Amino acid sequence: MNTLILVRHGIAVERGTEGIDDDDRPLTALGRKRTALVARRLARLIGEPDVVLTSPLPRALQTAEVLRRELGLRDAVEQFDPLRPDHDPHLLAESLRERPELRIVAVGHEPTLSSLAALLVAGRADLPLIELAKAGAVGLRLEPEGGPRIDWLVRPRVVRAIADDRNPSRRKKF
């Protein structure tokens, strides 16, 4: 693997919603909409990955499906248990290193994804290097020389602001 793109799931039904277990929380309509907007912009940035891996939880699976559709991928996303919430970032890193693909998109949860990024880039999972917003993404280059580095970070709020800027009626005035 030389490129790893970490994507946090989109906005999901609130934790503690009656009748919905935390592990079963799906994306909300707003979550699907905002995830699709970010995914369309990511498609321009990342091109076609070799694989999209996802946590098996519904909110991550649905986010991965939106990504698959917006990236124009024909292959199904692959459920990957190490992307479950609160998985040990060291074990997740090892599991990802064992993958044969060069360009991997991994859809999961916080704080696991941020801890993984910190571990890969700085060697310590407990550093507050980044925090992914819902539907946020970070691209990592895993170069053999010079080590891993953050290539880019996408915040959904910025993507929405740029999209709004293209529509003069929605521009915010300062």
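## Contacts along the chain

Let's start with who touches whom: in the protein, 67% of the contacts between residues at least 6 apart in sequence join residues at least 24 apart. Contact here means heavy atoms within 4.5 Å.

This is a predicted model, where local features need pLDDT of at least 70, side-chain atom pairs count only at pLDDT 80 or more, and totals for chains, interfaces and linings use all residues. Residues are numbered from 1 along each chain as its sequence is written, and side-chain values use heavy atoms, leaving out hydrogens and water.

## Overall build

The protein has five helices and six strands, arranged from the N terminus as β-α-β-α-β-α-β-α-β-β-α. Both kinds of element are DSSP runs, numbered from the N terminus: helices are H or I with at least four residues, strands E with at least two.

Its C-alpha atoms fill a box of roughly 45 × 40 × 35 Å along the principal axes. How much of the protein is buried? Of the 174 residues, 45% are buried, meaning under 20% relative accessible area with a 1.4 Å probe, protein chains only.

## Where α3 meets α4

Helix α3 (residues 89–97) and helix α4 (residues 112–122) have axes that come within 9 Å and cross at roughly 70°. That makes α3 roughly perpendicular to α4, a label for angles of 65 to 115 degrees. Axes are lines fitted to C-alpha atoms over the stretch in contact, with angles running from 0 to 180 degrees between N-to-C directions.

On the α3 side, the contact includes Pro-89, His-90 and Leu-92; on the α4 side, Thr-112 and Ser-115 are among the residues taking part.

Notes. Angles under 35 degrees count as roughly parallel, over 145 as roughly antiparallel, 65 to 115 as roughly perpendicular and the rest as oblique. Buried means under 20% relative accessible area, exposed over 50%, partly exposed in between (1.4 Å probe, protein chains only).
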